[in-house]
Amino acid sequence: MPMQALTGTRLRERRLALGVRQAEIAEAAGISASYLNLIEHNRRRVRGDVLAALAAALGVPAAQLAEGAEGGLADDLRAAAAAVAGAGGAELAEVDRVEEFAGRFPGWAGVVVALHARMSSLERAVEALNDRMTHDPHLSESLHEVLSALSSVRSTAAILAETEEIEPEWRARFHRNMHEDSERMAAGAEALVAYLDGSEAAAEAGIAAPLEEMEAWLSGRGWALPELEDGRGETLGAEVGRLASGAARELAAGWLAQAAADAVVLPMADLAAALEGGLPDPLRLAARFAVGVEVVFRRLALMPGRAYGLVSCDGSGTLLFRRPTEGFPLPRFGAACPLWPLYAALGHPGRAVLAEVAVAGRRSRRFRVLAHAGLRHPEGFGGVELREAHMLVLPVDGGAAPTGPAGPLVVGSTCRICPKSGCPARREPSIVSLG
Amino acid sequence: MARVVLIEDEPNIAEAIRFLLVRDGCEVLALPDGLGGVAAIAAGRPDIVILDLMLPGVSGLDLLAAIRADAGLAAVPVLMLTAKGQGRDREAAERAGVSRFMTKPFANAEMLAAVRDLVGQGRERGHDQGHDQGQGGGRP
């Protein structure tokens with residue numbers, strides 16, 4: 001079953017689930033019943049405004065019906081299916097019908113995804129704890145010290161308690177030994193407690209992915225931080241302080257400090273004014289405001305009412321920041337697609353990388369992707385060199401945009417759930433294939 | 001009277017064990033580490049070796065392997081002292097031929113019972129071996 005052209009199928013399934021006739025929905029959406037029939041059988045491509053009207057009539061978000069836009073949910077379902085594959089990697093779920101499932105049972109699909117997310121986070125927690133117990137030399141050393149002292153105290157105390165007619169010299173000696181070892185034991189126990197208290201943060205870091213926690217916080221705010229513009233940044237600091245894990249608090253606090261500094265050199269009002277006639281080239285914007293292009297990228301990602309995606313990574317390719325934009329999936333776990341222009345920029349700091357991008361499996365949506373990487377030398381000459389790359393993802397309105405003769409660069413989110421066939425950059429087999 | 005060689009780096013534990021065993025009628029040679037190797041152990045002509053798993057310098061496991069590889073000591077029972085949480089080391093010690101484990105902190109009665117038991121077993125085996133040797137060697 002092809003992954004595209006299913007919007008009609010989903011519309012039909014949704015309508016049948018509601019038990020409503022075609023004529024009723026068509027009338028509510030302002031189209032003819034016969035046109036709706038063609039759409040439902042995927043024989044007519046549905047326009048954006050018609051889709052919005054149909055979605056309203058069916059009481060579902062348009063995004064859920066739109067071609068490709070369900071991808072987020074479908075990708076998560078595929079990842080869930082991959083995680084519980086049977087022996088020999090055999091599929092247990094009907095992965096080829098994932099979109100049908102998501103379309104017909106959005107509630108159940110949500111439950112599956114939520115369970116998978118929970119399972120993943122619990123698995124990470126178990127791994128982190130297991131790792132800590134088996135590989136933590138400090139913990140085992142402290143325990144060994146306490147057990148040794150306890151061992152000595154126990155034997156010595158038993159000798160004193162059970163031996164009749166013990167010589168005074170021996171008695172004095174054992175008393176002294178016990179005193180020594182009880183001191184050692186107290187010190188060892190104290191060290192153990194201090195260690196366990198202090199490592200709580202480390203344990204949390206293994207349990208919750210800090211980046212996800214920060215992302216959830218920003219997403220909850222609609223990716224808007226107006227407080228940065230009028231000097232109320234400290235209220236944001238308080239919000240960050242309420243994040244669950246220490247690692248996420250630290251990450252978000254660092255990010256917030258950067259965002260506040262960005263707001264000073266490039267106030268949102270100035271940026272909005274510059275964007276009145278459309279989005280100028282970010283490099284030109286950077287030159288005009290005398291800031292780095294990464295500052296422009298970060299500010300654009302926080303612009304109210306705009307859905308500009310932004311991804312940043314460090315020199316190892318690890319994602320440091322993710323501001324998703326609809327239709328451009330970002331990996332929840334694991335490494336991202338090596339074809340992302342982000343990585344092309346990472347390899348060539350200072351180069352302005354521009355690409356017209358489509359996402360494998362949903363090629364009707366296009367994105368204009370701008371990537372740039374910079375070098376930092378926080379220790380000066382002779383110190384370490386750090387590089388950081390940023391990729392701005394701009395949705396291109398009006399479906400397929402004109403591209404060069406080579407067509408758009410087709411990328412994925414992460415190999416495991418990417419359907420691109422014959423991809424030269426593939427790292428691991430996909431569990432998804434285009435039918 | 002059983003001869004015991006005790007290798008334990010914790011002086012106070014070593015002292016307590018030595019006191020216990022001497023009261024029980026053993027002759028105890030206590031070594032603070034395994035640096036003297038099998039030669040130092042053999043010098044005590046032990047009926048049983050009590051060996052701490054975690055020793056400075058030479059590990060208890062290495063020492064155990066050396067004991068089992070030594071012609072004179074191979075048959076001597078080895079009681080290994082361990083702390084909790086050394087599961088993998090315990091498995092390794094089992095493969096290396098340990099006779100019994102004792103987990104710290106142990107009760108004194110447990111220690112005495114284990115030593116008596118192992119010495120008894122070792123003597124039976126040693127007796128059998130001596131008997132065999134006697135036949136094989138054709139002593140008059």
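Helix α2 (residues 22-29) of chain A packs against helix α4 (residues 48-58) of chain A at an angle of about 125°, and their axes lie 8 Å apart. Axes here are lines fitted to C-alpha atoms, for helices over the stretch in contact, with angles from 0 to 180 degrees between N-to-C directions; helices are DSSP runs of H or I with at least four residues and strands are E runs of at least two, numbered from the N terminus.

The crossing of α2(A) and α4(A) is right-handed, that is, the near helix is turned clockwise from the far one by less than a right angle. Ile25(A), Ala28(A) and Ala29(A) of α2(A) meet Val50(A), Ala53(A), Leu54(A), Ala57(A) and Leu58(A) of α4(A), where contact requires C-beta atoms, placed from the backbone, within 7 Å. By class, this contact of α2(A) with α4(A) holds eight nonpolar, no polar and no charged residues; Ala, Val, Leu, Ile, Met, Phe, Trp, Tyr, Cys and Pro count as nonpolar, Asp, Glu, Lys and Arg as charged, and the others, Gly among them, as polar.

## Crossing of α14 and α17 in chain A

The axes of helix α14 (residues 246-265) of chain A and helix α17 (residues 293-301) of chain A cross at roughly 100° and come within 10 Å, and the two helices are therefore roughly perpendicular to each other. Ala259(A), Asp262(A) and Val265(A) of α14(A) make the contact with Val295(A), Arg298(A) and Arg299(A) of α17(A), which by class gives three nonpolar, no polar and three charged residues.

## Loop residues

Two non-glycine residues of chain A carry a positive phi: Glu165(A), with a value near 55°, and Trp223(A), with a value near 60°.

Val84(A), in the loop between α6 (71-83) and α7 (98-104) of chain A, is partly exposed, with 13 C-beta neighbours inside 10 Å. Its C-alpha atom is 9.2 Å from that of His116(A), 32 residues away along the chain. In chain B, a cis peptide bond with an omega of about -5° joins Lys104(B) and Pro105(B), and Pro105(B) is placed in the loop between β5 (100-103) and α5 of chain B.

## Interface and confidence

The contact between the chains takes 18 residues from chain B and 18 residues from chain A. On the side of chain B, helix α1 (residues 11-23) of chain B supplies the largest share, eight residues, and the residues of this side divide into 10 nonpolar, three polar and five charged. For the complex, the predictor gives an ipTM of 0.80 and a pTM of 0.47.

Chain B averages a pLDDT (the predictor's confidence in each residue, from 0 to 100) of 84, with 86% of its residues at 70 or above. Among the elements of chain B, strand β1 (residues 3-7) has the highest mean pLDDT (95) and helix α5 (residues 108-137) the lowest (70). Over residues 130-140 of chain B, pLDDT stays under 50, and the model has one contact beyond four places in sequence for them.

## Conventions

Residues are numbered from 1 along each chain as its sequence is written, while chains are lettered from A and ligands numbered from 1 in the order in which they are written. Because the model is predicted, local features need pLDDT of at least 70 and side-chain atom pairs count only at pLDDT 80 or more, whereas totals for chains, interfaces and linings use all residues.

Methods:
Contact = placed C-beta atoms within 7 Å. Buried ≥ 20, exposed ≤ 12 C-beta atoms within 10 Å, placed from the backbone. Parallel < 35°, antiparallel > 145°, perpendicular 65-115°, else oblique.
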